[in-house]
Amino acid sequence: MGIFCYNRSRSDVDYYSAFSLGLVFVCISLFYILSNSHFVAAAQLLIYVGAINVLIIFAVMFINGSEYSKDFHLWTVGDGVTSVVYTSLFVSLITTIPDTSWYGIIWTWRALI
């Protein structure tokens, strides 16, 4: 989610990316809560959101945006190659999944007992 905020204007992009990363960490901790792993969810919130993400936000605040905005290009060759690779991966998954026979797949081990 944070990478989608990266294509905005260069002055605010770092803040949006850092806060989006924090939102992703909070959502991951919610998945831990749903799976009844409350300790891991608390550790996720304390360590990643409370420490790592705050350090990233502080580092972003100390970056001088004026020297980076001069050489900022909206679309580079690497972006194009990445877009082609991930679009082809997405299309191959979309075409493969409906053609897969899901009948013989054993989903859980309890089905065998």
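## Confidence

The protein chain has an average pLDDT of 78, and 70% of the residues score at least 70; pLDDT is the predictor's confidence in each residue, from 0 to 100. This is a predicted model, in which local features need pLDDT of at least 70 and side-chain atom pairs count only at pLDDT 80 or more, while totals for chains, interfaces and linings use all residues. Residues are numbered from 1 along each chain as its sequence is written, and side-chain values use heavy atoms, with hydrogens and water left out.

Confidence is highest in helix H4 (residues 77–96), at a mean of 90, and lowest in helix H3 (residues 65–69), at 57. Helices are DSSP runs of H or I with at least four residues, numbered from the N terminus. Over residues 1–9 pLDDT stays under 50, and the model has 15 contacts beyond four places in sequence for them. Where pLDDT is low, the predicted coordinates should not be read in detail.

## Helix H2

Helix H2 spans residues 38–62 and includes Gln44. Gln44 is buried, at 8% relative accessible area (buried is under 20%, exposed over 50%, partly exposed in between; 1.4 Å probe, protein chains only). Beyond four places in sequence, Gln44 is in contact with Phe25, Ile28, Ser29, Tyr32 and Val49, where contact means heavy atoms within 4.5 Å.

Val54 also lies in helix H2. Val54 is partly exposed, with a relative accessible area of 33%. Its C-alpha atom is 8.6 Å from that of Gly22, which is 32 residues away along the chain.

## Helix H4

Leu89 belongs to helix H4. Leu89 is partly exposed, at 44% relative accessibility.

Terms used:
Helix = DSSP H or I, 4+ residues; strand = E, 2+ residues; numbered from the N terminus.
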